[in-house]
Amino acid sequence: MSPVRLLVGAPRAVALPLQRANRTGGLYSCDITSPGPCTRIEFDNDADPSSESKEDQWMGVTVQSQGPGGKVVTCAHRYEKRQHVNTKQESRDIFGRCYVLSQNLRIEDDMDGGDWSFCDGRLRGHEKFGSCQQGVAATFTKDFHYIVFGAPGTYNWKGIVRVEQKNNTFFDMNIFEDGPYEVGGETDHDESLVPVPANSYLGFSLDSGKAIVSKDEITFVSGAPRANHSGAVVLLKRDTKSAHLLPEYIFDGEGLASSFGYDVAVADLNSDGWQDIIIGAPQYFDRDGEVGGAVYVYINQQGRWNKVKPIRLNGTKDSMFGIAVKNIGDINQDGYPDIAVGAPYDDKGKVFIYHGSPNGINTKPTQILEGKSPYFGYSIAGNMDLDRNSYPDVAVGSLSDSVAVFRCVISDFS
């Protein structure tokens, strides 16, 4: 049986030989059973300097997988298209770009490749799509039906979310017309329909699921960490007639410049059949100066959010607690999913583990993981079984050249 491999984005990796750049970022595949280094995945190894630049494009800024046997998406949100290069009329548009790869990490079918750049070819300028920055966030829905992209630079940095159905299984079932869906519309491009003001960064973080507002319908959850100077998180639904993504509910941040919505996660913490929402606000602070970041846990009341009062988990001063929040699965096998919260500026960095419970969340962390690399906890991946022992494992990234993998065992979490 081949090992399950961990995929790691390295957005500051040196360029491949044919990319005509110094530093482009990339994607690595890591065998956790081997002491050897991770392997660079070769793709995007070309460039046309007359029309594009991959210098500092940050490939690998986001990486998401459908799991063993599924697709992988990774993005470079700083990818530039250029016109009239080396003339007085030269222009640069930071559209961003994403690649989809097959399970063997190669381009195998029509879904695969780097053509995932929906802003390219649209009206330019920062007031439209010229600073789109697609791929700051990207994910697959859990039923594998959709791939979801955030483009927080669109419309004067209002930001948008776009949902596309590109699953060949559905084509085989003669299902061809299902989206794409987009905030503002796929063809209308109506920025007045974006439910947040300019400079909000909608699409900066993403998650999705059913049983958020309705048991039967999927809801897309997206952070806008600069909305109204404190941040917001928007719940979006599909409108099949217009192909728009429309707001269902908006959570507003409580702290000025708190970056509420920097990261979001969906998890049924109390196992009542309704998905709860976890929101990071890493720059939240209080007047006493003792709190440095917060995470808000909203326990779902059967799809009715207007009267839900969040539980706030606080980080220590200047820790950036909440920069990463993730559903890591049920690590202690008690029937309730658990979450992990990153605090990369707490000493060398820490990750706090909180267990779900019949009441929603245990507000005291059951474990605190400490890193040896600088800014440990900057990113987190979980809800995956890398060693096939039927317990979920957790991978923690940092702003260094290493990733820490914590494997769950029956009696311990080490």
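**A tour around strand 25**

Start with A343 and K350: in strand 25, K350 is the bridge partner of A343. The model you are looking at is predicted.

Next, select residues 338-343, which are strand 24. Strand 24 runs antiparallel to strand 25, and six bridges join the two. Follow the chain through the hairpin of strand 24 and strand 25, where six residues lie between the strands. Stop at D347 in that hairpin, which takes a positive phi near 60 degrees.

Now select residues 350-357, the whole of strand 25. Are its residues buried or exposed? Eight of the eight are buried, so strand 25 is largely enclosed by the rest of the structure. To see this face by face, colour K350, F352, Y354 and G356, which lie on one side.

Select residues 367-370 next, which are strand 27. Four bridges join strand 27 to strand 25, and the two run antiparallel. Go back to K350 and look across to strand 27: E370 stands opposite.

For the last stop, select residues 360-361, which are strand 26. A hairpin of two residues leads from strand 25 to strand 26.

Note on methods:
Residues numbered from 1 in each chain as written. Predicted model: local features only at pLDDT ≥ 70, side-chain atom pairs only at ≥ 80, totals over all residues. Heavy atoms only, no water. Buried < 20%, exposed > 50% of the residue type's maximum accessible area, 1.4 Å probe, protein only. Pairing = 2+ DSSP bridges.
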